Amino acid sequence: DIAGLDYIKNNLKEVLTQLKTGDSSTPRGMIFVGPPGLGKSYIAEAFANESDFVFVNLRNVRSKWVGDSERNMDSVLNVLESLSPCIVAMDEMDQQLGKRGGGNADGGVSSRIFARLLEFMGSDRNRGRIMFLGMSNFPTLLDPAVVDRFSKVIPFLYYQPGEYAKLLKLLAKIKGLIL
């Protein structure tokens, strides 16, 4: 159950219909943007559950050993292809991906991982099979090439006054309290 946020739920229902019907206009990915604490991660999981797709939470693939980071990324992408259809969540995407040209302190590893991920996300053969769900508190820190791969941006705004009552009722129900 998700209290309020009807504009987000309506957007996601539309995308869910596209996914389930194999619509060619299904977005490659979506970015949830907004301040922390508004339920971006929770709604990403709820969306994956509603879709009946496998839910994968993409984390750090970097290693201290030369060449391992790139191999790890390739392995992850191969696993995603074998798990498809799936939804891949990237929480705190601005921290995980950032922007290109951040220096060469790691010998170019970050640039190679970044380029490989962009190539994979941009592939049309994955459309409708692998959907990326990014979450960010600071979307301005993302590289434009990353934002381009996410064809739908959904803003998470603070609850409206009427939505707080729905939220309170839901929380009371979850905690077994009577209002």
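Me: Which handedness does the crossing of H3 and H5 have?
Reply: H3 passes H5 in a right-handed crossing, where right-handed means the near helix is turned clockwise from the far one by less than a right angle. One caveat: this is a predicted model, so local features need pLDDT of at least 70, side-chain atom pairs count only at pLDDT 80 or more, and totals for chains, interfaces and linings use all residues. Residues are numbered from 1 along each chain as its sequence is written, and side-chain values use heavy atoms, with hydrogens and water left out.

Me: At what angle do H3 and H5 pack, and how far apart are their axes?
Reply: H3 (residues 68-83) and H5 (residues 109-121) pack at about 15°, with axes 9 Å apart. That makes H3 roughly parallel to H5, a label for angles under 35 degrees. The axes are lines fitted to C-alpha atoms over the stretch in contact, and angles run from 0 to 180 degrees between N-to-C directions.

Me: Which residues in H3 and H5 meet?
Reply: On the H3 side, Ser69, Glu70, Met73, Asp74, Leu77, Leu80 and Glu81 meet Val109, Arg112, Ile113, Arg116, Leu117 and Phe120 in H5. Contact here is heavy atoms within 4.5 Å. By class, the H3 contact with H5 has 7 nonpolar, 1 polar and 5 charged residues.

Me: OK, now H1 and H2. What is their angle, and what is the axis distance?
Reply: About 35°, with the axes of H1 (residues 6-21) and H2 (residues 40-51) 10 Å apart. The crossing of H1 and H2 is right-handed.

Me: Which residues of H1 and H2 meet there?
Reply: Ile8, Leu12, Val15, Leu16, Leu19 and Lys20 in H1 meet Ile43, Phe47, Glu50 and Ser51 in H2. Their classes are 7 nonpolar, 1 polar and 2 charged.

Me: Zooming out, how many helices and strands are in the chain?
Reply: The protein chain has 7 helices and 5 strands, both taken as DSSP runs (H or I, at least four residues, for helices; E, at least two, for strands). Along the sequence the pattern is α-β-α-β-α-β-α-α-β-α-β-α.

Note on methods:
Angles under 35 degrees count as roughly parallel, over 145 as roughly antiparallel, 65 to 115 as roughly perpendicular and the rest as oblique. Ala, Val, Leu, Ile, Met, Phe, Trp, Tyr, Cys and Pro count as nonpolar, Asp, Glu, Lys and Arg as charged, and the others, Gly among them, as polar.
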